[in-house]
Amino acid sequence: MKAAHFYLLLHVFSTASVLVNAFDPITTTVVVSVGAALGRTIYDYFHERCDPKWISFNVTGLEVDLENKLFGQHIASRIILKAVNGFMSNVNPKKPLVLSLHGWTGTGKNFVSQLIAENIYKEGMDSSFVHVFTSELHFPHPSQLDTYKSQLQQWIKGNVSNCERSMFIFDEMDKMHPGLIDSIKPYLDYYDKLDGVSYRKAIFIFLSNAGGESIIQTALDFWKAGREREEIELRDLETLLSLSVFNNKKSGLWHTSLIDKNLVDFFVPFLPLEYRHVVQCALAEMEARGLRPDQSVADQVARDCVYFPKSERVFSVKGCKTIESKLDYYT
Ligand SMILES: *[C@@H]1O[C@H](CO)[C@@H](O)[C@H](O)[C@H]1NC(C)=O
Ligand SMILES: *[C@@H]1O[C@H](CO)[C@@H](O)[C@H](O)[C@H]1NC(C)=O
């Protein structure tokens, strides 16, 4: 849409120039150069740059979004807001912000990354300073590990050189080759500069299911004991999280080395979602589509989801993940 505006304006202007062309050459020269300057200004106006006009953190925005759009994640909300706000208000951070988001599918890990991006970059996830890597998409062939390693390092270096406030999101971190993770470790560390580039204002977000099982177990224990979900505290999950990730052969490697070196600043657990959260997701989605939120449709959508464990049926197997397509069906 922005590019379209730009071209429209340019078109209006070139039409104007053609009209003026009928006059003397001096006027034409003046008009053409004013036109070039104007074109440049218009271009600058719409073209994303690495400056505060395009990148500035809105703490109220993030707080409101976490409160109104993320459901059932009281711990994650709190940590994210504190972590991002602390980091973004620090004019001289000692290292980049590294967040590791853990939890079952559909619990909001990707969504939270999106909310963070939207409240830092004017262009949100479409910003040219936000980069998402998915192991299956970007690094599918283990045999090409060495190529991937140097490619990834170059990307990170190139992008941070371009803009120190760059954000890198690694989806499905547990499927990423440990060697690949090793190759990015230097960028996460407390270095003033590496090869003349400072990474200390960058943000790295790792998403994984690692530890998801033990988070579920804790949530289930609370549920069985008749305790409020909101009573679950970070310390109920923190050691569990690092231990289970630690012991998990598949995802253990990357984690072990990141934990050992304290490169991850915050481990953020995402709890499995219950029926009432799925209802909330459905209502929010209707609102986002400009529909009138309809409780009975939301209930129908939520009833249609599969819940586990088999006997208790407390948590939604897919969280809020399939709500969008289900809504298409019911509305
Ligand atoms: C920050 O977010 C709040 C809440 O969404 C919004 O009202 C406000 O306009 C935003 N501020 C800026 C500078 O974008
Ligand atoms: C920035 O990262 C993207 C991948 O997200 C890559 O395609 C691009 O080449 C990188 N830019 C630089 C300057 O390295």
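## Disulfides and a ligand shell

With 90° about the S-S bond, the link between Cys281 and Cys320 is right-handed. Cys281 sits in helix 12 (residues 275-288). Cys320 falls in the loop between strand 7 (315-316) and helix 14 (323-330), so the bond ties together parts that are 39 residues apart in sequence. The model is predicted. In it, the sulfurs of Cys281 and Cys320 are 1.9 Å apart. Both ends are covered. Cys281 is buried, with a relative accessible area of 14%. Cys320 counts as buried too, at 15% relative accessibility.

A further cysteine, Cys305, has Cys320 as its closest sulfur partner. The distance is 7.6 Å, too far for a bond. A disulfide needs two cysteine sulfur atoms within 2.5 Å. Cys305 is also buried, at 9% relative accessibility.

How many disulfides does a search of the whole structure find? There are two. The other joins Cys50 to Cys163, with an S to S distance of 2.2 Å. Its S-S torsion is about 70°, so this disulfide is right-handed. The Cys50 and Cys163 pair links distant parts of the chain, 113 residues apart. Cys50 lies in the loop between helix 2 (25-46) and helix 3 (59-69). Cys163 lies in the loop between helix 7 and strand 3 (167-171). The two ends differ in cover. Cys50 is partly exposed, at 34% relative accessible area, whereas Cys163 is buried, at 1%. Counting bonded cysteines along the chain, the pattern is 1-2, 3-4.

Now turn to ligand 2. Which residues surround ligand 2? They are His131, Phe133, Gln154, Trp155, Gly158 and Asn159. A polar side-chain atom of His131 lies 3.1 Å from an oxygen atom of ligand 2. For Asn159, a side-chain N or O atom is 2.3 Å from a ligand oxygen. Taken alone, ligand 2 exposes 360 Å². The protein buries 58% of that area.

Where does the shell come from? Strand 2 (130-134) and helix 7 (145-162) are the elements that give two or more residues to the shell around ligand 2. Helix 7 supplies the largest share, four residues. By class, the shell holds two nonpolar and four polar residues. No charged residue takes part in the shell.

Key: Residues numbered from 1 in each chain as written. Chains lettered and ligands numbered in written order. Predicted model: local features only at pLDDT ≥ 70, side-chain atom pairs only at ≥ 80, totals over all residues. Heavy atoms only, no water. Near = heavy atom within 4 Å. Polar contact = N/O pair within 3.5 Å; in protein donor to acceptor, adjacent residues only side chain to side chain. Areas by Shrake-Rupley, 256 points an atom, 1.4 Å probe, with all protein chains shown as cover. Nonpolar A, V, L, I, M, F, W, Y, C, P; charged D, E, K, R; others polar. Buried < 20%, exposed > 50% of the residue type's maximum accessible area, 1.4 Å probe, protein only.
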